[in-house]
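Please examine the sequence and the structure shown below.

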Amino acid sequence: MRHSFRVMLGLGLALGAAGCSDYLSGPGVSQDPNNIVTLSKPGPLYVAIQAAQPVQFEGQIARIAALYMQQVAGTSRQQQGFDLYTISPSSNGTDLYFGAVYGASAVSTGGGALLDIHKLQQLGRKANDSLYIGVGKIFEALVIGFAADNWGDIPYRQAADSTILQPKFDPQLQIYGDLQAQLDSAINIFLTATGPSNTGGSDGSELIYHGKNAAQLRALYTQVAHSLKARLYMHVAATDPTAYQKALAEAQLGISTPANDFLWFHDATPTGNNIWWQFEVTRSSDLGPGAAVIEILKRRINAGVEDSARIKFYFTKTKDGGYFGYRPGRAKNVQTTGGIYNGNGSADSTYSGFNAFIDGATPPGDFRQPELTYAETQLIAAEASFQIGGTAAAQPFLDAARKNRAYGLTGGAAVTFPDLPSVPATLQNIMEEKYVTLYLNPEVWSDWKRTCLPSLATAPSSGGTTPQNFPIPGRVPYGQTEINANPNTPTTSSAGVAITSTSINPNQPTACPALNYTSSSPLGN
């Protein structure tokens with residue numbers, strides 16, 4: 001790993017691609033967190049860590065996941081190429097963001113990643129503040145889990161040692177196990193400790209759950225940790241069937257109400273805006289709504305499975321009053337059968353846009369993006385229960401998700417949708433519910449790699465009208481900087497699969513099939 005990624009760890013926060021600005025600066029925030037003389041308390045570093053993460057979880061890696069899952073479409077420039085799987089180790093969606101997992105890069109000029117998270121835990125120990133340590137372990141599991149989801153085998157066990165400039169790559173499945181151990185220690189040791197020194201973010205540094213006291217933060221982050229454990233168990237379920245039972249147990253201890261949802265912090269200030277919003281403001285021609293998510297929502301509405309509240313919140317109507325998204329890479333005249341939408345837009349050839357939450361929101365750009373939620377937790381429990389005991393076992397959890405619908409927060413108020421009636425808890429219904437509920441959350445890509453639902457046709461080649469004859473990619477390429485600087489960068493994964501631009505990670509032992517736009521698709525997408 002490049003040495004500069006190891007040492008550029010000041011606290012001026014992360015830059016998003018395409019014109020996103022620094023989040024925070026100022027005394028105690030712009031200073032070097034590695035210098036304990038100038039930074040002796042965890043609070044300023046914790047503020048930075050919280051504010052830095054949206055650049056990773058809402059930035060280019062999230063855009064790639066949303067493109068591959070056809071929740072958005074690349075309509076111009078680099079995003080159009082990514083949408084057609086034209087991606088390489090030197091692409092800014094791979095090189096810069098890979099480095100930002102560990103320290104500073106052109107994307108994350110101030111850090112806030114693994115090295116800073118470890119420094120937060122060290123400062124927590126120095127202050128005898130177990131709450132900071134426990135929360136730090138949760139952020140570590142979030143950051144490293146996200147990296148393992150997207151890149152597979154990555155450096156972890158040696159990655160936080162700044163004296164090791166060429167860390168070894170650890171097997172993806174081992175990393176998930178290590179993160180489970182980190183979360184267990186957070187839950188069972190550090191988040192249980194009380195006492196006058198265990199104040200954590202109640203000192204004013206908490207952004208996610210601002211205003212909560214120490215006892216409330218311990219309870220909230222314990223729920224978040226259980227939900228995260230459930231998510232990570234699902235990520236290994238394709239290789240370990242026992243993971244379903246473990247995920248179910250953790251989900252039942254996880255986020256217990258939408259009021260406790262873990263939402264990335266944003267506000268309406270120029271330095272605190274939502275990253276999706278920032279990208280849309282500066283590059284509005286690069287992305288458009290994906291056809292697949294719109295067609296799924298429309299079909300669900302027509303079948304009485306969904307109401308119109310969600311589609312109205314996500315998207316704008318076309319001139320003729322309907323909703324139409326773009327096929328991957330803005331492909332038109334896609335060859336279809338059975339009346340499946342061909343990518344040509346509405347009757348007057350117009351397309352929907354993104355609605356106010358990421359495009360012209362009022363207040364502008366303050367939308368707090370959902371990361372870990374009650375809805376995801378219930379749908380994890382539904383899928384796990386289905387795999388263990390079938391539809392009847394899964395039904396209560398799917399019903400709970402449909403009766404407590406929320407999607408982030410804007411203008412200081414939670415975004416909620418009306419309750420929906422019960423539908424049979426089939427695997428398709430569960431995964432489809434999760435696909436539309438977790439809109440723009442990269443977790444949808446992990447869900448699809450595990451279940452191959454919803455059924456998505458591979459993107460056409462540039463200028464083509466038929467899907468390409470290989471599966472949707474299952475990973476992101478390693479960054480070129482890492483390849484050049486670290487001879488340990490693998491060319492074959494720990495599962496023995498050659499690493500290519502379209503290969504799969506060890507937790508996805510079988511690639512999802514390459515489908516086409518025909519009525520044979522169970523979802524007709």
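## Salt bridges

Arg299, Arg300, Glu306, Asp307, Arg310, Arg402, Arg405, Glu432 and Glu433 are joined in a network of salt bridges, a salt bridge being a side-chain nitrogen of Lys or Arg within 4 Å of a carboxyl oxygen of Asp or Glu. This is a predicted model, in which local features need pLDDT of at least 70 and side-chain atom pairs count only at pLDDT 80 or more, whereas totals for chains, interfaces and linings use all residues. Residues are numbered from 1 along each chain as its sequence is written, and side-chain values use heavy atoms, with hydrogens and water left out.

Glu306 is buried, with a relative accessible area of 5%, where buried means under 20% relative accessible area, exposed over 50% and partly exposed in between, computed with a 1.4 Å probe on protein chains only. Arg300 counts as buried at 1% relative accessibility, and Arg310 likewise counts as buried at 1%.

The structure holds 19 salt bridges, and one of them brings together the side chains of Asp286 and Arg283 at 3.4 Å, N to O. Asp286 is buried, with a relative accessible area of 1%, while Arg283 is partly exposed, with a value of 29%.

## Aromatic pairs

A search of the whole structure finds 33 aromatic pairs, counted where the ring centres of Phe, Tyr and Trp (its six-membered ring) lie within 6.5 Å, with planes under 30 degrees apart taken as stacked, over 60 as edge-to-face and the rest as tilted. Phe98 and Tyr478 form an edge-to-face pair, 5.9 Å centre to centre with 85° between the planes. This pair links distant parts of the chain, 380 residues apart, with Phe98 in helix 5 (residues 95-100) and Tyr478 in the loop between helix 17 and helix 18; helices are DSSP runs of H or I with at least four residues, numbered from the N terminus. Phe98 is buried at 2% relative accessibility, and Tyr478 is buried with a relative accessible area of 4%.

One aromatic cluster is formed by Tyr46, Phe57, Tyr132, Phe139, Phe146, Tyr209, Tyr221, Phe262 and Trp264.

## Cavities

The structure holds six cavities of 30 Å³ or more, a cavity being a set of points, on a 1 Å grid over the protein atoms alone, where a 1.4 Å probe fits but cannot get out, and lining residues having an atom within 4 Å of a point. About 110 Å³ of space lies in the largest cavity, the volume being the space filled by probe spheres set on the points, which are joined across faces, edges and corners.

The largest cavity is lined by 16 residues, with Phe57, Phe146, Asp149, Arg231 and Glu443 lying nearest its centre. Helix 7 (130-151), helix 9 (214-234) and helix 17 are the elements that each give two or more residues to this lining, and helix 7 supplies the largest share, six residues.

## Disulfide

Cys452 and Cys512 form a disulfide with their sulfur atoms 2.2 Å apart, the criterion being a pair of cysteine sulfur atoms within 2.5 Å. The pair links distant parts of the chain, 60 residues apart, with Cys452 in the loop between helix 17 (443-451) and helix 18 (480-485) and Cys512 in the segment after helix 18. The link is left-handed, with -95° about the S-S bond. Cys452 is partly exposed at 24% relative accessible area, whereas Cys512 counts as buried at 2%.

Note on methods: On a 1 Å grid over the protein atoms alone, a cavity is a set of points where a 1.4 Å probe fits but cannot get out, and a pocket is an open set with protein on both sides within 12 Å along at least five of seven lines; lining residues have an atom within 4 Å of a point.
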